[in-house]
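Good morning, everyone. Please look at the model on the screen while I go through its confidence, its annotated regions and some of its packing.

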Amino acid sequence: MKAPTIRNPFAAQPLPEQPDIEAAALRSDRFRLEREGDWRRLEQIVRRLERGFAFRLSDEDIMDLPVLYRQAASSLAVARETSLDAATLRFLEDLVQRAWYQVYGPRSGLLRWLGGFFRGGWSRAVRAIWLDILLAFAAMAAGVAAGWVLVARNVEWYFALVPGSMADARVPGASRAQLAETLAIADGAGGLSAFAAQLFYNNASVCILAFALGFAFGVPTLLLLIYNMALLGAMAWLYNSVGLLPDFLAWLSVHGTTELTAILLAGAAGVHVGRRMAFPGDASILSATAEAGRRAALVMLGCVFMLIFAAILEAFPRQLAGPEARAIIGAFMAIAWTALFVLVGRERKGASAP
Amino acid sequence: MSAARKSLDAKRQRQIVTPEGVPLGVTLATRGSRLIALILDYVIMFVGLFLIALALLLVGINLGQLDALGTGAGEFLVVVFFIVLFLAFNGYFIFFEMGPRGATLGKRAVGIRVAARPQGQSGERLTAEAIIARNLLRQIEIFLPLTFFSTAGEAGSGPAWLVGSLWFAVFMLFPFFNRDALRAGDVVAGTWVVEAPRRKLAEALSLRQESAPAAEAAYRFGPEELEVYGEYELQSLERVLRDGDDETLAAVHAAIVRKIGWQAGSGDERAFLESFYTALRAKLEGDMRFGKRKADKHAEVDRGGPPLR
């Protein structure tokens with residue numbers, strides 16, 4: 001009776017015994033036998049990489065991966081012309097493909113990639129879509145102006161633009177005191193963090209929506225920007241009508257400079273995709289869209305982080321700090337974001353692009 | 001039926017060229033398998049979130065009542081919960097598809113993965129940006145119509161459910177209206193979903209005889225006997241030998257013997273077929289080296305034409 005042994009399911013399988021190369025009758029079999037060891041080694045390395053055990057690979061294995069991959073690729077090219085062993089051919093096809101995914105896969109994990117992203121990848125992507133940022137900005141400015149002018153001409157417009165749930169006490173005809181109340185400093189931070197998280201969830205969804213709507217040639221994105229900004233314009237008119245405009249702007253600017261920048265960038269990313277779809281230039285529509293989509297995705301990811309930041313600002317300083325402090329925080333954030341996008345990640349003159 | 005299936009399979013074949021210049025065949029994933037993968041992923045996420053909520057409940061935290069508590073700790077947990085929610089719905093796909101297998105858990109289960117769609121000819125590197133882009137688009141494909149549905153009950157929302165279903169239908173049916181079965185996110189990111197290769201190296205048939213002494217009995221075939229078949233028959237024979245079904249072996253044996261005009265008894269079909277396989281392969285591979293290929297038994301020998309692949 002055999003003694004029971006515990007098998008380690010993760011242990012490396014021993015390589016099967018090699019038949020004698022010289023004994024093989026067919027030339028294609030000798031070709032296979034001579035290289036089979038390398039193929040199996042490559043398969044083992046690739047399997048470990050696929051399972052996420054990259055840290056268990058020896059340095060030697062990592063160094064050899066590209067070499068083994070190229071050898072297998074050239075073996076495949078030769079085998080296609082000289083061998084009719086379907087099993088070998090299919091195996092090689094699969095092996096080369098799997099190795100190709102590993103050798104030409106994403107270069108780093110999520111965390112390392114994020115590091116590079118914040119140290120310049122994001123800023124470069126933002127600078128690359130400057131034209132679309134201008135377009136989105138024009139749409140937003142037009143939205144504010146439209147909201148203001150519409151409400152100034154006919155107050156009924158206010159109720160059409162501002163949804164009831166947001167209006168609260170902020171309605172035309174409210175007294176100056178009532179409006180000032182909505183801008184007042186809250187007496188504690190109670191309930192604010194949950195409010196911030198909800199706001200973040202809502203704003204992030206709106207931003208992603210603005211980007212994703214770019215898919216329809218960017219037009220819905222621009223409409224969305226105009227509509228949202230019209231709401232802002234209407235509110236600005238309301239506060240101006242009672243002489244509270246500076247306080248309103250300060251109240252808004254705390255988080256607004258961050259949040260509006262994020263919405264601006266998200267809209268610009270959407271417009272970028274839509275514009276490249278409509279005017280792909282020399283490239284095919286599909287490849288132009290893909291290129292624009294990847295660039296826009298970078299901008300978008302940054303927007304999500306900006307929104308987390310905006311939500312924190314929205315919940316705490318906006319409700320707790322006085323008008324001057326609010327305006328200062330808002331202006332500071334505006335300058336900080338601008339500096340980030342303009343200055344970070346520039347290639348030094350003379351240095352070659354990575 | 002099988003012919004129709006074959007032509008469907010052939011429709012899913014695509015070719016990419018690696019930077020080394022080796023063409024590789026990839027098979028697009030079927031739309032059905034992608035749908036199953038998507039459903040699996042959502043089941044995994046919802047079950048995961050449910051388990052988290054349940055675990056919190058077990059240690060005495062009821063998420064539904066945290067807001068009412070009004071304490072700092074409760075609020076903190078609500079914040080954490082919202083962030084987890086956001087990460088689960090957006091980060092799950094991105095994290096897994098950026099991993100070495102390029103597939104979420106659901107995709108792994110059905111054996112498919114995300115790959116970069118070649119722009120032009122050559123295969124490209126799958127980048128992190130592409131994965132982020134294709135997953136951000138899920139927001140309009142799935143979550144936006146859901147928000148339409150959620151407002152459907154409210155007064156004055158009108159035909160919101162109709163808009164929601166239409167929207168949903170447009171994006172769900174998107175993969176049926178292009179050749180590569182791309183969804184909107186794939187178009188924007190420049191990716192496609194393919195079957196993940198995973199095949200083991202099978203033992204070489206032509207090497208078996210040396211190790212098996214029973215096969216020593218020598219069958220010798222002349223050129224005119226090997227002339228009758230081509231590569232297609234060789235591959236069918238290989239398949240039959242690997243399956244190793246005795247009845248099929250006998251039938252194939254009878255067919256070959258009749259075709260080459262031999263008189264042979266029964267009982268040694270396997271050894272006969274293995275030697276015939278080796279001899280036929282030797283002959284066809286020998287011809288290949290001189291640039292002559294024969295696709296099947298009906299084909300004239302193709303001299304120096306373009307290779308079959």
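Chain A has a mean pLDDT of 78, and 78% of its residues reach 70 or more. Please keep in mind throughout that this is a predicted model. Within chain A, the pLDDT stays under 50 over residues 349-354. For that stretch the model has one contact beyond four places in sequence.

For chain B, the mean pLDDT is 76, and 75% of the residues reach 70 or more. Where in chain B is confidence lowest, and where is it highest? The lowest mean, 49, belongs to helix α10 (residues 208-211) of chain B, while helix α5 (residues 105-110) of chain B has the highest, at 90. Over residues 209-216 of chain B the pLDDT is below 50, yet this stretch has ten contacts in the model beyond near neighbours in sequence. As for the model as a whole, the ipTM is 0.76 and the pTM is 0.74.

Let me turn to the annotation of chain A. An unreviewed UniProt entry carries the annotation "transmembrane region" for residues 129-151, 199-217, 248-274, 295-313 and 325-344 of chain A. What does the model show for two of these spans? Residues 325-344 of chain A are 95% helix and 0% strand, with 27 Å between the end C-alpha atoms.

We come now to helix packing. Two packed helices are described by the angle between their axes and the distance between the axes.

In chain A, helix α5 (residues 130-153) packs on helix α10 (residues 219-241) at an angle of about 45°, and their axes are 6 Å apart. This angle makes α5(A) oblique to α10(A). The crossing of α5(A) and α10(A) is right-handed.

Also in chain A, helix α1 (residues 27-50) and helix α2 (residues 59-82) cross at roughly 145°, and their axes come within 9 Å. Here α1(A) passes α2(A) in a left-handed crossing. Among the residues that make the contact are A:F31, A:W39 and A:L42 of α1(A), together with A:L65, A:L68 and A:Y69 of α2(A).

Which way do helices α12 and α14 of chain B run relative to each other? Helix α12 (residues 231-243) of chain B and helix α14 (residues 269-289) of chain B pack at an angle of about 150°, with 10 Å between their axes. The two helices, α12(B) and α14(B), are therefore roughly antiparallel. Their crossing is left-handed. The contact is made by B:E231, B:L234, B:L237, B:E238 and B:L241 of α12(B), and on α14(B) by residues including B:L273, B:Y277 and B:L284.

In chain B, strand β1 (residues 13-17) pairs with strand β2 (residues 23-27) in the antiparallel sense, over five bridges. Together β1(B) and β2(B) form a hairpin with five residues between them. In the turn, B:G21 has a positive phi of about 85°.

Thank you for your attention.

Methods: Residues are numbered from 1 along each chain as its sequence is written. Chains are lettered from A and ligands numbered from 1 in the order in which they are written. This is a predicted model: local features need pLDDT of at least 70, side-chain atom pairs count only at pLDDT 80 or more; totals for chains, interfaces and linings use all residues. pLDDT is the predictor's confidence in each residue, from 0 to 100. Helices (H or I, at least four residues) and strands (E, at least two) are DSSP runs, numbered from the N terminus. Two residues are in contact if their C-beta atoms, placed from the backbone, lie within 7 Å. UniProt positions are given in the numbering used here, feature names are shortened, and annotations may be inferred rather than shown by experiment. Two strands pair if DSSP finds at least two bridges between them. Axes are lines fitted to C-alpha atoms, for helices over the stretch in contact, and angles run from 0 to 180 degrees between N-to-C directions. Angles under 35 degrees count as roughly parallel, over 145 as roughly antiparallel, 65 to 115 as roughly perpendicular and the rest as oblique. A crossing is left-handed if the near helix is turned anticlockwise from the far one by less than a right angle, and right-handed if clockwise.
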